[in-house]
Amino acid sequence: MVDEKPSPFARRRETMGFSQEALAERLGIDVRTVRRWDTGDFVKGPQPWIRDKLARSLQVTLEGLDELLTATVKHEALVVGEVVSPEITTVPPGAVMLPVLVDGKPVLLPVDPKTLAGSGFPTFATESREDAMSPLSRRSLLRFSLVASALPALDVEAHQHIAAAMEDARRYFDTDLVQRLKAQLVSCKSSDGGSEAMKTPPLPIVLGILGAIEEAAREVQPGVRHQLLSLGAECGEFAGWLYRDAGDLTRALYWHDRAIEWAQVIGDTTMQGYVLLKKAQLAYDERDPHRMLDLTQAVRGGSWTLPLRVQAEAAQQEARAEAMLGASLASVERKLGEARQLLSSSMSQECALGAHYNDTLLTMQTAVCLTEAGKPRRSVDLYSEALTENHFSWRDYGFFLSWMSASLALAGEPDEAARTGLESAKRASSSSSQRTRRELQRVVEVLTPWQNRPAVKELQTAL
């Protein structure tokens, strides 16, 4: 039976006479944030500018607030344990509750303290009483777990370095640790979108890196802080993409905003423009052409110097927005020609931002523009010529198949559209790409006049 008692945080809130809505209003935040605190459904706790006011509202010290939040995550973890893993319903005597990230959510699991010490974790009290661990030690373990979750399979010496850095960031969080985090981010990016057999979900690791950055950024040395925030901007942009593919556009937008903020702090105008382009792409997912156009024009007219590949992608995005808003085919094709010329000129330019953007990807996006401009048959021809599996990751190939399926449906080829959509749906399922599924739902709507055809019914069933 699942424990339905209020969590420690919720009990304290109620004791102080606050409803969820009243506490949210007092703090000037969304009530959904308070609900996440109540249930332990958060990756990081309250933001620094909220913590003092929250602690005063609940009449606890900052250490007491950490205790409440830690106990709430533990409370939730034990409930999860009863549902998912019945053997984790009680805490063994003397065990330390170790926070780990599962699907981006912290879950506390009991671990023997001697095992922790042998693995390079900080040394904590080992008395059998549950409250033997001091508030400082609890916070240290929570901090440490953020980075440890982001750096799997490290040796004991590396773990000891992490433990020291999270306990005293100013002294021990150095360039070497930033580079370790960056290397892990690069690894996540390179494996993102692979086949089911090869895929390791990157989001928990990316959130672990971001948690470590937010935890340590205020305390590290100035020289390291610049490197850390630069990594934060890059990592935030990638987190935004991962949430976008997962269909969580609200969190995608949040991390894009955080990435821009960090880029502004360190004066990285190029990254600001790049993330603005990613926000324009998010607007396309929501089919908001006015916002797309505003953002892409801001990207192209901003006071930054963008790599030519990024400029090419922005020109294509502007063409797509204009096509959606009813621009003439000639105008759309001029913009696409400009994108093609920029991309051609970029071949001699080396830059990490936009390095993935190539001729094949531009061709896929050109096909989308033509569909939006009312020329789906021409789009199908482009897909047929350029959409091959060896040019894309497992997930991305499935996504572009969903676009091709839409063009086939609009071109009046329902059976072929449904067959292409079915192949796309298989890949969306194995890669958990909600973005692809959303596009396929739109295909099904276009196929409504043919909904009784066997292939179309099969696609509907698959979705």
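The following legends describe close-up views of a predicted model.

Local features are described where pLDDT is at least 70, and side-chain atom pairs count only at pLDDT 80 or more, whereas totals for chains, interfaces and linings use all residues. Residues are numbered from 1 along each chain as its sequence is written, and side-chain values use heavy atoms, with hydrogens and water left out.

**View 1. Packing of helix 2 against helix 4.** Helix 2 spans residues 20-27 and helix 4 spans residues 48-58; helices here are DSSP runs of H or I with at least four residues, numbered from the N terminus. The two helices pack at an angle of about 135°, and their axes lie 10 Å apart. Axes are lines fitted to C-alpha atoms over the stretch in contact, and angles run from 0 to 180 degrees between N-to-C directions. Helix 2 is therefore oblique to helix 4, given that angles under 35 degrees count as roughly parallel, over 145 as roughly antiparallel, 65 to 115 as roughly perpendicular and the rest as oblique. Helix 2 passes helix 4 in a right-handed crossing; a crossing is right-handed if the near helix is turned clockwise from the far one by less than a right angle, and left-handed if anticlockwise. From helix 2, L23, R26 and L27 meet I50, K53, L54 and S57 of helix 4, where contact means heavy atoms within 4.5 Å. The residues of this contact divide into four nonpolar, one polar and two charged. Ala, Val, Leu, Ile, Met, Phe, Trp, Tyr, Cys and Pro count as nonpolar, Asp, Glu, Lys and Arg as charged, and the others, Gly among them, as polar.

**View 2. Packing of helix 21 against helix 22.** Helix 21 (residues 414-431) and helix 22 (residues 434-446) pack at an angle of about 155°, with 9 Å between their axes. This angle makes helix 21 roughly antiparallel to helix 22. Their crossing is left-handed. G421, S424, A425 and A428 of helix 21 form the contact with T436, R437 and L440 of helix 22. Three nonpolar, three polar and one charged residue make up this contact.

**View 3. Surroundings of Y357.** Y357 is found in the loop between helix 17 (329-345) and helix 18. With a relative accessible area of 0%, Y357 is buried; buried means under 20% relative accessible area, exposed over 50%, and partly exposed in between, for a 1.4 Å probe and protein chains only. Not counting residues up to four places away in sequence, Y357 touches R309, A312, E313, Q316, L343, L362 and Q365. The C-alpha atoms of Y357 and A312 are 8.6 Å apart, although 45 residues separate the two along the chain.

**View 4. T363 within helix 18.** T363 lies in helix 18, which covers residues 359-372. The residue is buried, its relative accessible area being 10%. Its side chain reaches the backbone oxygen of D359 at 2.9 Å. Leaving aside neighbours within four places in sequence, T363 is in contact with R340, L382 and A386.

**View 5. Positive phi at R287 and S432.** R287, a residue other than glycine, has a phi near 55° and is found in the loop between helix 14 (269-285) and helix 15 (289-301). R287 is partly exposed, with a relative accessible area of 26%. S432, likewise not a glycine, has a positive phi of about 55°. The loop between helix 21 and helix 22 holds S432, which is partly exposed at a relative accessible area of 47%.

Technical notes: A polar contact is a pair of N or O atoms within 3.5 Å; within protein, one must be able to donate a hydrogen and the other to accept it, and residues adjacent in sequence count only if both atoms are side-chain atoms.
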